[in-house]
Each structure stands twice: as structure tokens, then as C-alpha cells.
Amino acid sequence: MPKKLTPAQIEGYARDGYVCPVDAFSPERTRAWRDRLEAFERAQGQKLTRGHNFKPHLLFPWVDEIVHSPEVLDAVEDLIGPDIRLFHLSVWPKDAGSGAYVSWHQDATYFALEPACHVTAWVALSDAPVEAGCMEVVPGSHKLGQLPHAEMQDPENLLSRGQELAGNFDRSQTAFMPVKAGQFSLHHTHLVHNSRPNRSNDRRIGLGISYIPTWARCTSPTRVSAMLVRGEEKYGHFDDERRPVQEAGPEERAFHAEAVDRFRRMNTEQTDNKVAVVKR
Ligand SMILES: O=C(O)CCC(=O)C(=O)O
């Protein structure tokens with residue numbers, strides 16, 4: 001018996017590689033989280049964007065609340081079972097009218113997960129309609145397995161390595177995944193997807209939370225950390241992550257820096273799926 005998703009949504013995920021939208025949080029609760037994020041950015045004098053957007057669940061108790069929430073985890077459990085680790089989390093902000101975009105890619109490309117079974121819950125902290133550059137996907141492409149990627153050196157591309165699907169991949173049949181603040185979408189790690197620049201009047205902000213079953217492992221030489229968020233741990237494939245207590249306190253910052261460093265090292269060790277580096 002599924003905990004949150006309908007049988008049709010579970011079938012849709014198996015067939016198409018995504019589910020969208022799923023209701024989760026009230027507009028008020030979601031707005032309060034956005035306000036916390038933007039207050040932190042103002043205090044730091046820096047926006048959480050490319051280069052500063054990894055693993056905020058280790059810094060902010062309010063992000064910890066989202067990643068442990070039954071509203072999200074019940075749906076994730078319906079897809080990958082009851083024993084769940086949070087493998088990675090990126091904040092995806094696009095200012096209104098900016099050129100920021102995300103190139104066509106598959107999430108699995110630099111994750112070294114065996115098997116490639118992770119699911120990303122993209123939780124909207126602001127409305128993300130089509131004009132704001134919500135995600136766009138190629139339905140069913142998750143069945144193709146890992147495809148080769150090139151790396152594009154383009155500062156507007158929010159992907160940390162500028163990775164982009166190589167070759168002439170057929171993108172004539174795509175679907176958008178618009179979500180309202182407080183809703184989320186789910187997508188498979190091999191689903192081909194991108195997102196275009198934000199042409200709306202508001203900032204578009206989402207948290208891409210990547211969950212894995214605890215039995216999945218990371219094959220990279222660098223051992224990475226991942227947070228047990230539900231169920232039991234029997235495998236020891238990851239080092240545990242510390243839950244934040246104080247907002248961006250000294251212990252939180254130190255743990256976060258070490259975890260991000262290890263994650264980036266693991267990332268750069270993945271060269272198998274890369275075909276070229278291209279300047280734009
Ligand atoms: O936020 C976006 O536009 C892209 C997010 C993404 O690529 C992901 O969550 O895997």
C-alpha cells in the first residue's frame with residue numbers, strides 16, 4: 001500500500017521517469033523557508049548560487065526539516081523503499097530575468113552510484129511555472145541508461161561542471177514540470193532534463209534533494225557522506241552526516257565544508273561519461 005503517491009503516479013514514474021506535481025507544504029510554511037534563505041543571503045552579502053549551493057541541509061535546521069518531512073519522504077519511500085539516505089542536495093535559484101539556465105543532462109553522470117537508482121525531489125520554495133524556467137524533461141529517457149556528456153564552460157549554466165548531453169539526442173517530445181511554491185516533483189537519475197532562463201517577474205528557487213536506498217553505494221575512491229533520513233542502515237556504504245542545530249554555526253560550517261569537499265572530489269573522479277570539454 002503506497003504511503004503518498006497514487007498507483008497511477010507510481011506507474012507514471014516507472015514509465016516516464018518523473019511525477020509532477022505533488023502537493024506537500026502550505027504557501028505560508030513555504031514562504032517562511034524562502035524568507036529564511038533570503039535573510040541569510042542578505043546577511044552574508046552573497047546569494048546561494050552556483051559554487052555556493054551544495055548541501056545546505058548541513059547548515060540550516062529549516063532545510064533539515066524539509067528533507068526529513070513525511071510530506072516528501074512518504075512519496076520517496078513509495079519509489080525506493082523505507083531505508084533512505086539523502087545523497088546530495090543543491091539549491092537551484094534563478095533570478096527574474098537572468099540568463100541562468102541548466103543544460104540538458106542526466107543527474108547520474110557524476111554521482112558514481114551503483115546501481116543508478118536515485119530519485120530527486122525538487123521542492124519549490126517559489127512558484128516555478130513554465131515562464132520561470134521550470135524543469136523540462138524527455139519522458140521515458142530514463143530507460144536509456146547513462147548517456148555521454150560534454151562539459152561546456154558557460155558561466156550562465158548552473159551545473160557545477162557545465163555538463164551537457166553530447167550528440168544528437170532527440171528532444172522533439174518534451175514535457176514541462178511546473179510546480180507551485182510548496183509542491184514538488186520527482187525524477188529518476190537517468191531522466192534527461194534541462195531548464196531554461198527565468199522570464200517571470202519573481203525569483204525561481206527550488207531544492208533538488210537526491211535520495212537513495214541505503215543499499216546503493218558510491219563506487220568512487222573518495223568516500224563520501226550521506227544522511228540517513230528514514231529507516232535502518234545495514235550496509236555502511238557512507239559516512240553519516242551531522243544534523244544542523246544552529247543556523248550556519250561554526251560546527252555546522254566546518255562539517256559542511258568537509259562534506260562538500262569530499263563530494264566535489266568524488267565528482268571530479270568521474271570521467272567515464274565525459275566526451276569533451278567545449279568553450280562557449
Ligand atoms: O533547477 C533546475 O532548473 C534544474 C534542477 C536539476 O537539474 C535537478 O534537480 O536535477
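Trainee: What is the N to O distance at which the side chains of Asp 95 and Arg 203 meet in a salt bridge?
Mentor: This is a predicted model, in which local features need pLDDT of at least 70 and side-chain atom pairs count only at pLDDT 80 or more, while totals for chains, interfaces and linings use all residues. Residues are numbered from 1 along each chain as its sequence is written, and side-chain values use heavy atoms, with hydrogens and water left out. A salt bridge is a side-chain nitrogen of Lys or Arg within 4 Å of a carboxyl oxygen of Asp or Glu. Asp 95 and Arg 203 meet in such a bridge, with an N to O distance of 3.2 Å.

Trainee: How many residues apart in sequence are the parts that Asp 95 and Arg 203 tie together?
Mentor: Helices (H or I, at least four residues) and strands (E, at least two) are DSSP runs, numbered from the N terminus. Asp 95 lies in the loop between β2 and β3 (102-105), and Arg 203 in the loop between β11 (193-195) and β12 (204-213), so the parts they tie together are separated in sequence by 108 residues.

Trainee: Is Arg 203 buried or exposed?
Mentor: Buried means under 20% relative accessible area, exposed over 50%, and partly exposed in between, with a 1.4 Å probe and protein chains only. Asp 95, at 29%, counts as partly exposed. For Arg 203 the relative accessible area is 8%, so this residue is buried.

Trainee: Which residues are linked with Asp 95 and Arg 203 in a network of salt bridges?
Mentor: The structure holds 26 salt bridges. Those of one network link Asp 95 and Arg 203 with Arg 34, Glu 38, Glu 41, Lys 47 and Asp 202.

Trainee: What is the relative accessibility of Glu 252, which forms a salt bridge with Arg 242?
Mentor: The closest N and O atoms of Arg 242 and Glu 252 are 3.3 Å apart. Arg 242 lies in the loop between β14 and α5 and Glu 252 in helix α5, so the bridge ties together parts that are 10 residues apart in sequence. Arg 242 counts as partly exposed at 25%, whereas Glu 252 counts as buried, with a relative accessibility of 2%.

Trainee: Why is the pair of Phe 87 and Phe 238 edge-to-face?
Mentor: Rings of Phe, Tyr and Trp (its six-membered ring) pair if their centres lie within 6.5 Å, and planes under 30 degrees apart count as stacked, over 60 as edge-to-face and the rest as tilted. The centres of Phe 87 and Phe 238 are 6.0 Å apart, and the pair is edge-to-face because the planes stand at 70°.

Trainee: How close to the centre of the ring of Tyr 110 does the charged end of Arg 161 sit?
Mentor: A charge sits over a ring if NZ of Lys or CZ of Arg is within 6 Å of the ring centre and within 35 degrees of the ring normal. The charged end of Arg 161 sits over the ring of Tyr 110, and its distance from the ring centre is 3.8 Å.
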